[in-house]
Amino acid sequence: MTTDANHDVLREQVALYAIGALSGPERAAIETHLRECDECAAELKTLLPVTSALAQLVPQHDPPAALRATILAAARREARATRTPAALAPWLAAAAMFVLTAGLGLYVGQLREQVRSLERQLRDAMARVDDGERRVAVALREAANLQAPLAVLMAPDLRRVDLAGQPVAPNASARAYWSRSRGLVLTAANLPSLPPGRIYQLWFVTGGAPVSAGLVRPDNAGGLNAVLTTPANVPEPVAFAVTLEPETGVPAPTGAMYLVGPAH
Amino acid sequence: MWFLAVLVKLGDAAAAEADRAAIQRMARGDHDALADLYDRHSRLLYSLALRIVRFEADAEDVLQEVFAQVWRQALRYDTNRGTVIGWLVTLTRSRALDKLRRGRARPQATDGEQRAHEVPDTSPAIDLTLVSAEQAAAVRAALEALPDNQRVPLQLAYYEGLSQSEIAAKLDAPLGTIKTRMRQALLRLREAVAEPVR
């Protein structure tokens, strides 16, 4: 709810704003209001298809064939003149996004720290051979467990897939980092807590039947960090999806879809 | 059934993702990505520009300016800010309206002078996605069915870029009345989007 006395006045203007018919102070006022008022923001959302339709409903004409070549040639000329110094920027931007990705950067950092710590323990354990081989084995295994997600995240064929919450879980979101050769790291947030006897199952949606990538259980806060293996010989996926299923998992999806995202 | 539901959801998402990927490739200097984006959207954008500026040569200029700006700004474009098609449509409309206004104000302006004038990208960062052909047709029919006193102000605002007060002056009607009629018109079109003709 808003306490803004101008709300009723501004709400009347949302439709005009949606088609780009407001300018200057009127537009500034409504943009400020839209950031604070969920009701008006929702109203705007319902009007955007009208804006699209106004752009789409005009008589359709193909542009002259020569225009394409002209536009591409202009971009090439400009490329030679100005682009080179900035060539690194997209990679920096990509790197920054990777690090800033909600929680994941932190997660990678924690993993590295844990790996370093376990390696220290391992060295200590190896130094004190009389502590027995068992400690060495345990530390080795734990270090290997933590190397798995790092190995996936560093894979040369890593792909990122964003999964969006579906109507049963509109606030849920997830991101999968998938390498066909090394496996899959799934991070998720705001997943609804599991009903008794149920579990989330991740699917590779392919041209044929969906292929299970495994079962995942969120923590009490609805968060999730899971490392899964790539199903053997899985066809090229068109999407990843997460459904709610019986606790033992199912061979084909039966339950409601909680998350879905295109795999390219 | 389940698979179909996924595919329908993914249709729009896939198109939007292809656009985002093209922008990211353009940011790395990939000309093929610019060609991809042009091939997907030039017909829509050219038609919109032509509707606004009315002359083919002007519509071609608008498209050149739009794609040049997209190419230059691909590096800075935040693909989380809104959809790429939303960016393209608002950019095309504002460039076309700008050309229309300059044509009105300074019919003698030379090509060089026009190019030197860099239009700021002030379009609201909104999340436009395209509607289906059926929905666009339904809105066209609804627009044509509107009474003149609702349709004309709307067309003057969207396709001619006139301000509310300019429309009020042109149609010799009170400003409040114009605003009310335009809002009514838009709400009617919203109904038409929601229930496309069968």
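In chain B of this predicted model, B:Gln135, B:Ala138, B:Val139, B:Ala142 and B:Leu143 of helix H6 (residues 133-145) contact B:Arg188, B:Leu189, B:Ala192 and B:Val193 of H9(B). Contact denotes heavy atoms within 4.5 Å. Helices are DSSP runs (H or I, at least four residues), numbered from the N terminus. Seven of the H6(B)–H9(B) contact residues are nonpolar, one is polar and one is charged. Here Ala, Val, Leu, Ile, Met, Phe, Trp, Tyr, Cys and Pro are nonpolar; Asp, Glu, Lys and Arg are charged; the others, Gly among them, are polar. The axes of H6(B) and H9(B) come within 8 Å and cross at roughly 145°. Axes are lines fitted to C-alpha atoms, for helices over the stretch in contact; angles between N-to-C directions run from 0 to 180 degrees.

Helix H7 (residues 148-160) of chain B also packs on H9(B) (residues 175-194), at about 90° with axes 8 Å apart. H7(B) and H9(B) are therefore roughly perpendicular (65 to 115 degrees). Residues of H7(B) in this contact include B:Pro153 and B:Leu154; those of H9(B) include B:Met182 and B:Leu189. The class counts are eight nonpolar, three polar and one charged.

Helix H3 of chain B covers residues 56-73. At 1.5 Å a residue, its 18 residues should span 26 Å, and its end C-alpha atoms are 26 Å apart, which agrees. The expected span is 1.5 Å times one less than the number of residues. Buried residues (under 20% relative accessible area, 1.4 Å probe, protein chains only) in H3(B) include B:Val62, B:Phe67 and B:Trp71.

Residues are numbered from 1 along each chain as its sequence is written, and chains are lettered from A and ligands numbered from 1 in the order written. Local features need pLDDT of at least 70, side-chain atom pairs count only at pLDDT 80 or more, and totals for chains, interfaces and linings use all residues; side-chain values use heavy atoms, with hydrogens and water left out.

How values were computed. Helix = DSSP H or I, 4+ residues; strand = E, 2+ residues; numbered from the N terminus. Parallel < 35°, antiparallel > 145°, perpendicular 65-115°, else oblique. Buried < 20%, exposed > 50% of the residue type's maximum accessible area, 1.4 Å probe, protein only.
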